[in-house]
Amino acid sequence: MSSTDQNQPTSPAVAAWLGATLPGLGLTFGIAVLATAAHRFSGIPALSPLVVAMVLGMALRNLVGTPGAARPGIGFSLRRVLRFAIVLLGFQLTLEQLRAVGLPGVAVIAVVLAATFAFTRWAGRALGVEARLAELIAAGTSVCGASAVIATNTVTRGTDEDVAYAIACVTVFGSLSMIAMPLLGEMLAMGPAHYGIWVGATVHEVAQVVGAGFQHGAEAGQAATVAKLSRVMLLAPLILVLGTLARRGGKAAHGAAPTPWFVLGFIAVVLLNSALPLPEPLHAEVVALTAFLLTMALAAMGLETDIRKLRAKGIRPLALGALAWLFISTLGLGLVALL
């Protein structure tokens, strides 16, 4: 049999896969384009395209309905596109950033992250919040907002409504931090380095950190950004630990939790970027591509979210998000004061 004959069965399969996937992939791509444009032309740096994409997706799903033909492509965006984007996120981090923060700063970041995650899971049980939703709120609050929520959900395996609710929490309370922290920093007469570490170690989204940090000056903004990126690095070990615990626990209701192999790819890219950093023009393109792919994943999440189910979760998860926000902000301030 010739090689041409051997490849013939594959071509129809590829064509069928493309035919099934492209409609949904095109839909999430289009929503991501609109969300990115809204971010760029609004003049509001903290208006995250990830959140805009999720809101647009939710509006389409709940006002018009998601086309059945789009579902395979939406699922592809939620899984494959998301995981590839998380791997690419490694190009924004280096081991040098950890060194720049210094050992005391890294210790503050690590302690705040671990304590906040543990406290939020405990508080979730006390409030009667479903365990998976509490875990997602814990990840979004303790690490890096929406990106941490969707990355953690690859092992937590909560519902789409869980993810949407958790992202709403970190968006609301991270935005409040942008308003409150610059005022508190002035009232407490905090130096730029200490203020920057406090913001970077406690505020939810990267964009929110930048917004809060630079209100206190360029030095504070740079310290906040570096501290935040150092905190993002800890997302990888967190997901690996959660994945191990989930497999041991069985997570029987949703099947065994998968091994998060993409996290190993993320770590490998961080190490590669530390040893052989990309040229600046290429680095900027990769950063933009990563943000766009994450935006596509959030568009897909919105397209899968039923607002009626979201509303049914009630006020308790929002109260949990508020408690987690107060805890991380207060603990971070206390530890920074000890530096």
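**Entry 1: α3 against α14.** I looked up helix α3 (residues 49-63) and helix α14 (residues 280-303) and found that they pack at an angle of about 30 degrees, with their axes 7 Å apart. Axes here are lines fitted to C-alpha atoms, for helices over the stretch in contact, and angles run from 0 to 180 degrees between N-to-C directions. Helices (H or I, at least four residues) are DSSP runs numbered from the N terminus, as are strands (E, at least two). I therefore recorded α3 and α14 as roughly parallel to each other; angles under 35 degrees count as roughly parallel, over 145 as roughly antiparallel, 65 to 115 as roughly perpendicular and the rest as oblique. On the α3 side I listed Pro49, Leu50, Ala53, Met54, Gly57, Met58, Leu60 and Arg61, and on the α14 side Ala291, Leu294, Thr295, Leu298, Ala299, Gly302 and Leu303; contact means heavy atoms within 4.5 Å. These residues of the α3 contact with α14 comprise 11 nonpolar, 3 polar and 1 charged. Ala, Val, Leu, Ile, Met, Phe, Trp, Tyr, Cys and Pro count as nonpolar, Asp, Glu, Lys and Arg as charged, and the others, Gly among them, as polar.

**Entry 2: basis of the model.** I note that this is a predicted model, in which local features need pLDDT of at least 70 and side-chain atom pairs count only at pLDDT 80 or more, while totals for chains, interfaces and linings use all residues. Residues are numbered from 1 along each chain as its sequence is written, and side-chain values use heavy atoms, with hydrogens and water left out.

**Entry 3: α4 against α14.** I then examined helix α4 (residues 71-88), whose axis comes within 8 Å of that of α14 and crosses it at roughly 150 degrees. That makes α4 roughly antiparallel to α14. Contributors from α4 include Ile74, Leu78, Phe84 and Leu88, and those from α14 include Val286, Leu289, Met296 and Leu303.

**Entry 4: the whole protein.** I found 16 helices and 0 strands. The C-alpha trace spans about 75 × 50 × 45 Å along its principal axes. Of the 339 residues, 47% count as buried (under 20% relative accessible area; exposed is over 50%, partly exposed in between, with a 1.4 Å probe and protein chains only).

**Entry 5: Gln215.** I located Gln215 in the loop between α10 (206-214) and α11 (218-233). At 49% relative accessibility, Gln215 counts as partly exposed. Leaving aside neighbours within four places in sequence, Gln215 is in contact with Met178 and Pro182. Gln215 and Met178 are 37 residues apart in sequence and 8.9 Å apart in space, C-alpha to C-alpha.
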